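Dear colleague,

I am passing on the structure below, followed by some notes on what was found in it. Please read the notes with the model open.

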Amino acid sequence: MANVPEDLHYSKDHEWVRVEGNEAIIGITDYAQNSLGDVVYVELPKAGDEFSASESFGSVESVKAVSEIFTPVSGVVTSINESLADEPESVNSDPYGAGWMVRMRMSSPGEVDSLLTAAEYEDFTKAESE
Amino acid sequence: MSDGITKVTSHISPNEQLIFERSQQGRIGYRLPALDVEESPVNDLLPPHFQRDDDLEGMPEVSEVDVIRHFVRMSTWNYSIDLGMYPLGSCTMKYNSRLNERVARIPDFANVHPMTEEQDSQGALQVIYELEQHLAEITGLPGVSLQPAAGAHGEMTGIMIIRAFLDARDGEAASGRRTMLIPDSAHGTNPASAHLSGFSVKTIRSTSEGLTDLEHLRELCAHGEVAGLMLTNPNTLGLFERNIKQICDIVHEAGGLVYMDGANMNALVGIARPGDMGVDVIHLNLHKTFSTPHGGGGPGSGPCCCTKELEPFLPVPRIVKTDWSAGEPTFRLDYDRPKSIGRVKAFFGNYGMMLRALSYILTHGNDGLREATEAAVLNARYIADGLTSDYDKPFNSPPMHEVVFTDKRQSRKGVHTLDIAKRLIDYGFHPMTIYFPLIVQGAMLIEPTESVGRQELDQFIAAMRSIANEALEDPELVLNAPHSTRVGRLDEAAAARKPVLRWQK
């Protein structure tokens, strides 16, 4: 069973958001990393890049496929997880910790409310894998 | 051979070392005669900064027979279309006939220099012209360019033509029409081609039947900025988009054009024509549908075919046929096409592939091309039927030239698509396409092509059923496969994350 931490917000594209004040930390879920298989490369934006919600901000390459990643909220990238360049495997081993991808300053923090809760996301993935 | 790789056999051919490891100090493969001219100091011939100062350390020192045996042994590791079935879905790995190879080697064709003058290369130009005519007839699209060097290149050429057409039609307003619609089952090259041509991509959902969702298409078209649709038909699930006419109408009414990815034309040749369905532009893969070599890097050929309306935008030079006139060449190169997107390839494209494809078309004839298509679909349906009792088939409708299964039943025992594919190697078959299309979890996409007879289809089905049985009775056997190859299961993730790209002592 995939790990779905209670304190995060989730998108239907399988990204998670951790809110810290006006900032959002974004990564992909345990369910997503498990479906993708071993991640071999993560392509991330640059600090300062601006995205609106649901826009693609990079891609994850696994041994199976290359998949786009979408930001669940709008904002400006303040920093990215540089260590993924050398250790993309963190996305598999610790998707909610060392495998985080970008930190953004949210332009409309209210967007977080329209994301899924942990319980809703769990139901969503169950329905999707059936 | 690096550590950590399990050697399966003691046979020397599978265990052939790297050429560097074969090196023996002082061993050479030549003997030179005594120097009979005055020796020149090397510094006079080559400036010191171009000379290596490491005494060529590490360069293999081997004899001629060492080199021959090294490469011949490695050649035994290969799997090829001449060895057995190659059911890679979406790839159309059909047999490449010897006759086509022979035609491509006729010296008068093989030795023509691409800069030969028009009047001295009439035969070569006629081959291009005639192949274009055949492809126009097969697709129902009269404008053809054979320049693109591969499928994705043909795709991009098609999308550039759409863009040039819209710019010419709409002028400045075309800048508001920059969205390309692509189904979620598409090849990854589609969004790449659209993006490179300056379009942004919107994804269309598939229905639970595996077809384009018409409602979603209408919804996306309603936004007004749609430049076109890129559609594969039959789609990558092996299903014919039976609403194709309606799909084309919806896009056309929204002011967009329809590009068809011709990767799956092997299901249509001689039966149905994209031009008649409302498609505006298509690329073909001569290395799939028209049997030119595919494995080993091709080279490929991705002709682009389009409507009369789009023809002025095709790459130059076009090959045109003029009325016969004494002393004048009949086939001419026409560069005077002001609306053309320009050249997309040096010279005329991969000419050797054109000879093979023309040979394929002419030796089959109309009836033969139709029969090949029928056999390709029949073979896929035979496999679909033979495997339904053992593997989960996510879509009910009968497949066209390829069929998709999943690992749903086997995964209950912890056996996944990758394991089944690896185990298939032990039975002597090249694995099928795996984990594509992306919208099917654990996809196994199988395309037998028309080149396989009933007996080989039965062997393949028996192998797949045997693996399904092993997955139930002895899952470890499948999980640790392959067992009969020179090395066992490789760590693909480590190979991608920490690749070793050169030999080190």
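Two residues are in contact if their C-beta atoms, placed from the backbone, lie within 7 Å. On that basis, residues 24 or more positions apart account for 66% of the contacts in chain A with a separation of 6 or more.

This is a predicted model, in which local features need pLDDT of at least 70 and side-chain atom pairs count only at pLDDT 80 or more, whereas totals for chains, interfaces and linings use all residues. Residues are numbered from 1 along each chain as its sequence is written, while chains are lettered from A and ligands numbered from 1 in the order in which they are written.

Chain A has three helices and nine strands, taken as DSSP runs numbered from the N terminus (helices H or I, at least four residues; strands E, at least two), and from the N terminus their order is β-β-β-α-β-β-β-β-β-α-β-α. The radius of gyration of chain A, taken over C-alpha atoms, is 13 Å, close to the 14 Å that the globule rule (2.2 Å times the number of residues to the power 0.38) gives for 130 residues, so chain A is as compact as a globular protein of that length.

Strands β6 (residues 56–62) and β7 (residues 66–70) of chain A run antiparallel and are joined by five bridges, where pairing requires that DSSP finds at least two bridges between two strands. A:S56 has A:F70 in β7(A) as its bridge partner, and a hairpin of three residues leads from β6(A) to β7(A).

Finally, seven residues of chain B are in contact with eight residues of chain A.

Best regards
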